[in-house]
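Colleague: Hello! I am new to reading protein models, and I would like to learn how to go through one feature by feature. Could you show me?

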Amino acid sequence: MELDLKCKTPLLFYTDEEFKNILKIRGKTLEQLPEDVDIIKKWLKTQSHLPMLPTDRQIVCFLVMNKFSIERTKEKIDCIYTMKGLMPEFFTKPPSHPDIQKAIGVYSYGILPKLNKNLNRIYVGRLENAEDLNVTNTYSYLCMLFEIRTYCDFSNSDEYIYDFSYFPMSALTKFNPMDIKRLLSVIEKIYSNRMAAIHYINLPAYAHTLISLIKSLLKPKIRERFHVHNGYESLREFFDDDQIPQEWGGSGQTFAELRENMRKLCLEYDGCIKETYSAKVDESLRPNKLINDDVLGYHGNFKKLQVD
């Protein structure tokens with residue numbers, strides 16, 4: 001089996017050597033990948049309830065995200081299709097939908113094009129327009145970026161930087177605790193996102209409530225990875241100059257450039273997203289029926305998935 005795992009886009013760039021090192025961290029080599037992919041593909045043939053099958057590249061992505069645990073990879077592949085039907089508010093509008101195009105301009109949320117020295121992807125975000133902020137559409141945009149990355153990206157972990165310099169009280173009132181919990185469940189339980197660090201800049205006093213809520217919904221070890229900055233200069237303790245946007249005093253891309261790059265990336269995968277969002281799991285064909293999962297708040301206990 002020959003796997004094409006080379007970089008697909010300069011917007012999410014990685015070198016062959018970086019990918020090999022990501023595998024090395026997980027105790028794997030390129031030569032070992034076909035065997036693991038084949039195990040997953042054989043299992044997929046027994047899962048007639050799934051509406052479509054991931055590509056070989058996506059299977060490798062799921063394996064990497066789950067540290068090459070075969071059973072966890074099966075769970076997450078099932079979950080990624082099942083939860084789209086259970087959370088339609090996050091998985092209905094494709095990149096070309098006017099609401100998503102608007103969301104890209106209302107909340108600048110960009111992924112830097114190069115991995116950092118720890119082989120992590122860096123996300124940066126800031127609010128541009130509080131009046132037009134629709135939190136559900138913003139969450140949909142974020143979920144879409146995670147979905148697109150399964151088609152074209154590999155990283156060791158992710159790091160996040162959020163700027164609250166402009167974040168009026170009117171924006172805070174739009175955030176619903178239950179929606180935040182659902183979003184974090186998607187990020188952690190569907191996309192197996194590994195949060196290596198989360199940085200908050202210039203938090204107003206009233207926004208600490210929102211951050212405290214987010215921390216309370218995360219595992220203790222992730223809470224320890226939170227960093228609060230009173231300005232931009234201290235970011236240099238964690239990031240290289242070209243990883244800091246120009247608006248924050250670095251030499252990286254501007255937020256305008258990041259927005260347009262993300263718009264371009266999303267539209268490039270518009271067809272893929274439309275296909276996966278329209279695919280529905282047939283629960284009548286599921287080999288093992290789901291039971292309620294209190295963590296997700298939906299029917300979604302995937303621990304009993306087995307290969308016959």
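Colleague: How many salt bridges does the structure hold?

Modeller: A salt bridge is a side-chain nitrogen of Lys or Arg within 4 Å of a carboxyl oxygen of Asp or Glu. The structure holds 22 of them. Keep in mind that this is a predicted model, where local features need pLDDT of at least 70 and side-chain atom pairs count only at pLDDT 80 or more, while totals for chains, interfaces and linings use all residues. Residues are numbered from 1 along each chain as its sequence is written, and side-chain values use heavy atoms, with hydrogens and water left out.

Colleague: Which parts does the salt bridge between Glu-128 and Arg-259 tie together?

Modeller: Look at the distance to begin with: the closest N and O atoms of Glu-128 and Arg-259 are 3.3 Å apart. Glu-128 lies in the loop between strand 2 and helix 6 (135–152), and Arg-259 is in helix 11 (residues 255–268), so the pair ties together parts that are 131 residues apart in sequence. Helices (H or I, at least four residues) and strands (E, at least two) are DSSP runs, numbered from the N terminus.

Colleague: And how many residues apart are Arg-263 and Glu-260 in helix 11?

Modeller: Three residues, so about one helical turn separates them. Their side chains meet in a salt bridge of 3.4 Å, N to O.

Colleague: Is Arg-263 buried or exposed?

Modeller: We use relative accessible area here: buried means under 20%, exposed over 50%, and partly exposed in between, with a 1.4 Å probe and protein chains only. Arg-263 has 18% relative accessibility, so it counts as buried.

Colleague: Where is Asp-158, and what is it in contact with?

Modeller: Asp-158 belongs to strand 3 (residues 158–163). Contact means heavy atoms within 4.5 Å. Leaving aside neighbours within four places in sequence, the contacts of Asp-158 include Asn-120, Tyr-123, Phe-146 and Met-195.

Colleague: How do I describe a pair of aromatic rings?

Modeller: You give the distance of the centres and the angle of the planes. Rings of Phe, Tyr and Trp (its six-membered ring) pair if their centres lie within 6.5 Å; planes under 30 degrees apart count as stacked, over 60 as edge-to-face and the rest as tilted. A search of the whole structure finds 20 aromatic pairs. One of them is Tyr-109 with Tyr-123, a tilted pair at 5.5 Å centre to centre and 55 degrees between the planes. Tyr-109 is in strand 1 (residues 107–111) and Tyr-123 in strand 2 (residues 121–127), 14 residues apart. Both tyrosines, Tyr-109 and Tyr-123, are buried.

Colleague: Which aromatic cluster do they belong to?

Modeller: Tyr-109 and Tyr-123 are part of one aromatic cluster that also includes Tyr-107, Phe-146, Tyr-160 and Phe-226.
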